[in-house]
Amino acid sequence: MAQAIPKKSEDYSGWYNEIVKRADLAEHSPVRGCMIIKPYGFSIWEKMQQTLDRMFKETGHSNAYFPIFVPKSYLSKEADHVEGFAKECAVVTHYRLKNSDTGEGVIVDPEAKLEEELIIRPTSETVIWDTYKNWIQSYRDLPILVNQWANVVRWEMRTRLFLRTAEFLWQEGHTAHATRQEAEEETLRMLDVYATFAEDYMAMPVIKGSKTESEKFPGAVDTYCIEALMQDGKALQAGTSHFLGQNFAKAFDVKFADKEGKLEHVWGTSWGVSTRLMGALIMAHSDDDGLVLPPKLAPIEVVIVPIYRNDEQKSMVEDKADVIQEQLREAGITVKFDNRDTHKPGWKFAEYELKGVPVRLALGPKDLENGTVEVARRDTREKEVISLESVTTHIKSLLVDIQDNIYKRAFDYRAANTSVANNWEEFTNILDEKGGFIEAHWDGTAETEDKIKEETKATIRCIPIDTKDEEGNCIYSGNPSKRRVIFARAY
RNA sequence: CGGGGUGUAGCACAGCCCGGUUAGUGCGCUGCGUUCGGGACGCAGAGGCCGGAGGUUCGAAUCCUCUCACCCCGACCA
């Protein structure tokens with residue numbers, strides 16, 4: 001080991017930052033709060049995009065694109081919405097630069113002031129609903145099921161690579177429906193899509209739930225979310241799906257004629273996941289040696305590292321590696337054969353571990369003699385030598401095994417770090433000593449929620465959907481409560 | 001916007017208190033050779049407006065003033 005990464009157990013955020021940098025995922029940009037997503041990091045994001053995009057299409061959605069600039073006046077049309085986003089909007093005021101009179105660089109041309117200032121979208125509800133107004137006249141025009149992949153800007157005070165950046169990439173779905181029920185079903189359908197994606201692809205268990213009044217999306221009637229638990233015991237909101245009711249339809253005057261010819265406001269939803277999922281992926285599985293990727297999202301599933309002492313061995317090993325590579329590719333596995341002569345095997349081993357490649361094959365002269373290959377799996381660090389004939393079937397099942405194992409590991413971790421608190425003392429003790437999710441009773445008031453947040457920094461992550469009713473007393477106020485909610489300190 | 005800190009080679013830093021040869025170390029980079037089954041080693045090299053501006057001084061990376069940028073901790077957030 002040349003340069004060690006800070007230990008996860010000793011310096012969690014240092015560990016996270018180093019993994020992001022050293023695994024070539026992203027780096028800071030010259031502009032504060034923004035990030036440069038590097039090719040390897042972006043290729044993981046692309047895998048996420050491809051999968052999600054397919055899932056969106058399978059549920060009937062189509063992609064479209066709406067502009068990055070939003071007229072300032074649009075934002076103010078929905079009262080809660082403007083309240084929620086006004087404080088973090090970047091604003092375009094001018095459209096031209098000119099050389100400065102002193103000859104030192106360029107300045108904003110004061111002549112080129114925009115009549116109406118433009119904001120850079122923090123989200124696209126406003127432009128989209130303004131557009132939907134023109135697209136919708138009759139119930140026959142509904143539903144509209146649109147998604148867009150885009151960048152958005154929210155001028156955050158404190159930023160961290162992937163977890164919170166001033167500009168981030170995401171997808172935002174925006175749908176319009178004739179009935180409340182249909183819109184509510186859509187909201188939950190997409191929440192399910194996110195949960196399925198998180199669990200089946202990211203191998204990250206999530207809790208589905210709804211947000212409290214104070215945590216919900218500005219402009220939504222209900223906000224649903226998936227919440228995941230990171231390895232430091234903090235929660236991360238990994239995706240949200242909003243039932244917008246008729247709020248935006250009313251704000252933008254979007255009405256349709258129903259079957260009886262009566263004019264009604266349209267019902268809406270919106271839902272999104274962002275590059276924050278990259279942060280979740282990193283923090284859900286990785287270890288002190290670097291990234292650990294689930295095979296289904298790994299840009300490289302298998303890397304082949306050749307071992308040789310001389311040119312003769314090199315060419316023999318390469319010939320065999322080519323054959324293996326071809327076999328694996330035919331089986332639909334993404335393989336990289338790293339035959340660079342510029343790095344030693346040991347260096348490559350460490351490098352691909354850092355980058356989280358699920359399976360590594362090492363092939364050397366001994367293997368050629370014996371008809372074998374060494375297989376190392378990233379998640380458990382186990383190595384074994386297998387015969388060359390069985391390589392494809394072995395790796396196919398190994399990849400499935402790794403995917404299952406890291407899910408199980410994350411699931412067990414979450415189970416071990418989900419606690420029940422029945423009174424204030426238990427609650428604060430668990431928060432300070434253990435962290436994680438805490439199931440506790442809450443009286444349902446914003447006042448209590450605020451007090452708890454103020455005193456402990458813990459927030460209500462969600463009111464779980466799959467929970468059962470249970471009579472109890474609020475851990476803070478002692479007032480009656482009908483069900484437990486999930487508390488945690490969060491990102 | 002408050003409180004703390006840092007700007008010196010691509011990266012990480014030393015040097016600064018107490019001013020004085022040619023600004024140094026590690027990693028990385030280039031070349032050559034030996035190596036290659038867990039981040040190899042030797043030799044030779046390249047690379048610096050010491051964040052910027054002003055000042056003090058015979059002399060400033062070092063002292064003073066101003067300024068800019070970034071990082072960390074708080075209030076806000078996917």
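Tutor: Two residues are in contact if their C-beta atoms, placed from the backbone, lie within 7 Å. Keep that cut-off in mind. This is a predicted model.

Student: How many residues of domain 1 are in contact with domain 2?

Tutor: Start with the bounds. The domain assignment of chain A puts domain 1 at 12–63 + 123–285 and domain 2 at 295–412. The C-alpha centres of these two domains lie 36 Å apart. On the domain 2 side, 11 residues take part, and on the domain 1 side the count is 17.

Student: Which element gives the largest share of the side of domain 1 that touches domain 2?

Tutor: Helices H2 (39–58), H6 (180–201) and H8 (276–285) each give two or more residues to that side. The largest share is five residues, and it comes from H2.

Student: How many residues of that side are nonpolar?

Tutor: Sort them by class. Two are polar and four are charged. The nonpolar count is 11.

Student: Which element gives the most to the surface near RNA strand B?

Tutor: In total, 36 residues surround RNA strand B, with Arg 32 and Gly 346 among the closest. S13, H10 (345–354), H11 (365–370) and S20 (372–377) each supply at least two residues of this surface. Eight residues come from the top contributor, H10.

Student: What is the bridge partner of Ser 241 in S16?

Tutor: Look at the open sheet of 11 strands, where the pairing is mixed. Within it, S13 (residues 235–245) pairs with S16 (residues 267–274) in the antiparallel sense over five bridges. Ser 241 has as its bridge partner in S16 Trp 271.

Conventions: Residues numbered from 1 in each chain as written. Chains lettered and ligands numbered in written order. Predicted model: local features only at pLDDT ≥ 70, side-chain atom pairs only at ≥ 80, totals over all residues. Pairing = 2+ DSSP bridges. Helix = DSSP H or I, 4+ residues; strand = E, 2+ residues; numbered from the N terminus. Near = placed C-beta within 6 Å. Domains from an automatic or database assignment. Nonpolar A, V, L, I, M, F, W, Y, C, P; charged D, E, K, R; others polar.
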